[in-house]
Amino acid sequence: MTSLVADTRVVFSRELRPVIRDPFSVIFSMVQPLFFLGLFAPLLPGDSSLQWFVPGIIVMSCLFGSSMTGSNLLFEMQTGSHERMLVTPLRRPALLIGRALKEIVPMLAQAALIVAVCVPFGFELHLGGALLGLVILAGFCIGLGALSYTLALSSKNRDWMFWTVQQTLLFPLLLLAGVLLPIENGPGWLQALSKANPMTYVVNAERALFNGDVWARSTAEGLVAAAAVGLLGLVVGVRAMKRSD
Amino acid sequence: MIETRELTKHFKEVRAVDGVDLSVARGELVALLGPNGAGKSTTLRMLTTLIPPTSGHAEVAGFDVVRQQREVRLRIGYIGQGNGAGHSQRGRDELISQGRAYGMRVPAARARADELIASLGLGEVANRAVSTLSGGQRRRLDIAMGLIHAPELLFLDEPSTGLDPQNRANLQEHIVRLRAEHGTTIVLTTHYLEEADSMAERVVVIDHGRIIADDTPQRLKATHVGDRVILGFASAHEAGEAARTAGGEQRGAEVRITSDDGPRLAARLAGSLAPVSIEVIRPTLDDVFLTLTGRSLREDATTLEPALVEA
Ligand SMILES: Nc1ncnc2c1ncn2[C@@H]1O[C@H](COP(=O)(O)OP(=O)(O)O)[C@@H](O)[C@H]1O
Ligand SMILES: [Mg+2]
């Protein structure tokens, strides 16, 4: 077990290194969420619209970043560096878990940046709740990252397949989670779909937590949804990695 | 060091590797030579635990490549056909990560990385992003990564493909030096004849997933092709006489004789037959491949050379 941890640390720190060497790479994947923040938030009615909108945008930037991360692996599968890692004695689960864990770091950086941008415009930060929100989000982005790697491993040399699936899933997940517009007033079928989307619970939890409402039912639901996505991602991801050549 | 029995890999209909029996002793430098698609990479990928064989059996460094993958992985180095270093990484970082992947502690990995950076002449580029390196620099970085844990057995898949002649010569020198200094067992694949000829003491010729010859370059050439001695005479008549005496083939004023030691034969016949000219043509490994398969290994050769086929 300790050696699995050690191997995971090796993979994790390798993944993290380019991010540390070139922190701007974190900002690139944030361009879209920042656009939504700048161009969409002003359209929302009410004084407290930022309190409602910003937590959703934080989840969105985690969704965008983590769901794309498999493309790095896809590229490394083409250049030969993934193959080189497979020949080392690193344990196969570590090759996946280390990569997935790394998703937490850009997620935290992006959340901090979004909050920092929004506070001057009147966004009120409740630190305790926000920190718990980030713990939940960490579980969610580990799962998303692991699923993205799984997609990369099964796409193998077919970039188009990776991007088609990723792009096809991205916006339905986003819209059905009620990130941009509330779902409550939508038709029944839309609400049913939204209830089936684990991201909905994560978004609801983040909204309550970032507003300081820690002891809400949504917190527990968000925790369960994020843990479920995290676990599912790791299980299928590790299986895919074990079969990788 | 390597022991395979009936090693086989099929990809659906393709018999990529078709019953390979190969045994490599400690300290050998073996080249697997064959045209593109012969099954060289697939063989290496099975021996390095990347893909399981369809059937057959292989032991590498004393361990089974299917049941004892970890033991095998700990003992081998592998430099694949692609580039091992991540493009967004820096060379030095990748070397250290690679050392850590083999269980080295950070200070040890760092020291070993510095050592390899110096010996492979990567000092100026080790702190740059890998994506900015030239092909030759990347290949040297690959070699450094393969050597980080000083493996007793090193596999190299087409190490010099895509390099210019100077970089290729450099690389070959490094490989030969590695062998001389550390006694590393080396198995490399190549489709460059000159490379197999000049570097390896043992060449395993592979075609269509099968081993069709396995020996030193000299013996392969002597057994399968032989030297050709061409004696020139003043007239066809003299040539005819000489052909009858020495037992060669007459062509106009020339006599061609095949021998496994051309220079010695030439020296002997020079005295007894008194020809006006002597030429000794020594075969290349391509001639060996041509004799064995009827096809040439050279990329630019599409037709057979009739003279060689006859000889
Ligand atoms: N993953 C694969 N799937 C299907 N066919 C493959 C795969 N890998 C190799 N092959 C086929 O197996 C044969 C041998 O390939 P390879 O071992 O790469 O040859 P070499 O390295 O000698 O050029 C080729 O016909 C190749 O197309
Ligand atoms: Mg090959």
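Predicted model: local features only at pLDDT ≥ 70, side-chain atom pairs only at ≥ 80, totals over all residues.

Reader: Okay, in what order do the strands of the open sheet in chain B come?

Author: The order is E7-E8-E9-E4-E10-E11 in chain B, six strands with mixed pairing. E7 (76–79) and E11 of chain B are the edge strands, each pairing on one side only. On average, neighbouring strands are turned by 15 degrees against each other, ignoring direction.

Reader: Do E7(B) and E8(B) run parallel or antiparallel?

Author: Parallel, with four bridges joining E7(B) to E8(B), residues 153–157. In that pairing, Ile76(B) has Leu153(B) as its bridge partner in E8(B).

Reader: And which strands does helix H5 of chain B touch?

Author: H5(B), residues 135–147, packs on the sheet and touches E7 and E8 of chain B. The direction of H5(B) makes about 165 degrees with that of E7(B). Helix H6(B), residues 165–182, also packs on the sheet, touching E4, E8 and E9 (185–190) of chain B. For H6(B), the angle with the direction of E9(B) is about 160 degrees.

Reader: What does E10(B) pair with?

Author: E4(B), residues 29–33, pairs with E10(B) in the parallel sense over four bridges, and Val30(B) has Arg202(B) as its bridge partner there. E11(B), residues 210–215, runs antiparallel to E10(B), with five bridges joining them. Asp207(B) stands opposite Arg210(B) in that pairing.

Reader: How many residues sit between E10(B) and E11(B) in the hairpin?

Author: Two, and one of the turn residues, His208(B), has a positive phi of about 50 degrees.

Reader: Pick a helix. Which residues of H8(A) are buried?

Author: Pro106(A), Met107(A), Gln110(A), Ala111(A), Ile114(A), Val115(A) and Cys118(A). Looking down the axis of H8(A), those buried residues fall within an arc of 165 degrees, so they line one face of the helix.

Reader: What do the buried residues of H8(A) pack against?

Author: Helices H2 (24–28), H3 (31–40), H4 (49–68), H7 (92–102), H9 (127–155) and H12 (198–210) of chain A. As for length, H8(A) covers residues 104–118 and reaches 21 Å from its first C-alpha to its last, close to the 21 Å expected.

Reader: Last topic, phi angles. Where does Lys156(A) lie?

Author: In the loop between H9 and H10 (159–176) of chain A. Lys156(A) has a positive phi of about 25 degrees although it is not a glycine. Most residues other than glycine have a negative phi.

Reader: What about Lys12(B), is that one buried or exposed?

Author: Lys12(B) is exposed, with a relative accessible area of 82%, whereas Lys156(A) is partly exposed at 39%. Lys12(B) lies in the loop between E1 (2–11) and E2 (14–20) of chain B, and its phi is positive too, about 50 degrees.

Note on methods: Residues numbered from 1 in each chain as written. Chains lettered and ligands numbered in written order. Heavy atoms only, no water. Pairing = 2+ DSSP bridges. Expected span 1.5 Å × (residues − 1). Buried < 20%, exposed > 50% of the residue type's maximum accessible area, 1.4 Å probe, protein only. Arc of directions from axis to C-beta. Contact = heavy atoms within 4.5 Å. Axes fitted to C-alpha atoms, helices over the stretch in contact; angles between N-to-C directions.
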